[in-house]
Amino acid sequence: MAFLELSGIQKRFGETSAVIDFNLAAERGEFVSFLGPSGCGKTTTLRMIAGFEQPTAGTVAVDGKDITRRAPNQRNVGMVFQSYALFPNMTVAGNVGFGLRVRKQPKDRVAKRVTELLELIHLPDKADRYPYQLSGGQQQRVALARALAIEPQVLLLDEPLSALDAKIRVILRNEIRAIQRSLGITTVYVTHDQEEALSLSDRIVVMSEGRIEQIGSPFEVYNFPATSFVASFVGTLNVMTARVAGAAEGRLVMDGQPIRAARPVTIAPDGANVTIAFRPEMLSMGEAGANRLRGTVQDVTFLGSIVRIRVHLASGATVVSVDTFNDPNLTVPEAGAEVTISFPPEAVLVLEAPPAATAEDLIAEA
């Protein structure tokens, strides 16, 4: 039996459905991320686990016990908010020990637990500081310690790193994962940041418009997206239209040039158009791969660890991005140069339908 189980969860606000038929079974000690654009229902689902929202339908169970109608303070659940929500009139020690004092724990027990947690979050010397005397990263550590103080059965984190700069985010997400593993606590993490979800999670729940698009390991979600939305939202992707030339053999024609997928095309007959996609890192410059596309370099962008080359294909109507690892000795073609892109059949994803919007569109709308 799963440790945290959400069955048939739905949430409506008037005529609007925020969450639709959400089902999840998380094991004890598992780290699960809810990933999706703003407005997809991920925070609403988290709040239903915490008890701050009541589901319109469905049940929430922890360790086999139905907690759907319990008040938040009657659930053994710890929550870390995006805004930290620390008490400004309390010291760090006061904030961390707050939940234990509310539960009428003895003073020596509270003091011992606070000391343990401040060591765990690497702030043993900040017990007497107030929140305004701490950096954003330190405040988030204190918020995490406060949530962990009551020894919750489930830890919930609602975009806890979104207000921090990039370097601090990386440091803190590694610390959160290390703490979660050391305590073995079942954790649900809400984020719109795909890199966070991919690096932290045992499993990812990708959501769109209140529905689950896919549940899987980071490897599965990235390499084998179940829908066009997942393919376009998770990672950078080349998405375009191709015509089926030989469904049984996986033969396609894109931009007037023949390519082949690793598997038969089962979603459309010969002559039909389908949406195909491939990751930029699966492509390379030159003639080495089984599939080859010819075009002209539009531009070259330096992105630190990678260099992105954008190529206009022969017709000029389609642009494909190619990512290659940065190297001091790397030679890249100049804009306007005629080049060949190659890639293996395994790189070609044949999707069931064109995506409603690209990841860039969704992020821009958010």
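Strands here are DSSP runs of E with at least two residues, numbered from the N terminus, and two of them pair if DSSP finds at least two bridges between them. Strands of a sheet pair through backbone hydrogen bonds, either parallel or antiparallel.

Now zoom in on S6 and its partner, strand S7 (residues 154-158); the two run in the parallel sense, with 4 bridges. Pick Gly78, and you will find its bridge partner in S7, Leu155.

Helices are DSSP runs of H or I with at least four residues; axes are lines fitted to C-alpha atoms, for helices over the stretch in contact (heavy atoms within 4.5 Å), and angles run from 0 to 180 degrees between N-to-C directions.

Finally, zoom out to the protein chain, with its 10 helices and 20 strands. Its C-alpha trace spans about 75 × 50 × 35 Å along the principal axes. Of the 366 residues, 49% are buried, meaning under 20% relative accessible area with a 1.4 Å probe, protein chains only.

A note on the numbers: residues count from 1 along each chain as its sequence is written. In this predicted model, local features need pLDDT of at least 70, side-chain atom pairs count only at pLDDT 80 or more, and totals for chains, interfaces and linings use all residues, while side-chain values use heavy atoms, without hydrogens and water.

Key: Buried means under 20% relative accessible area, exposed over 50%, partly exposed in between (1.4 Å probe, protein chains only).
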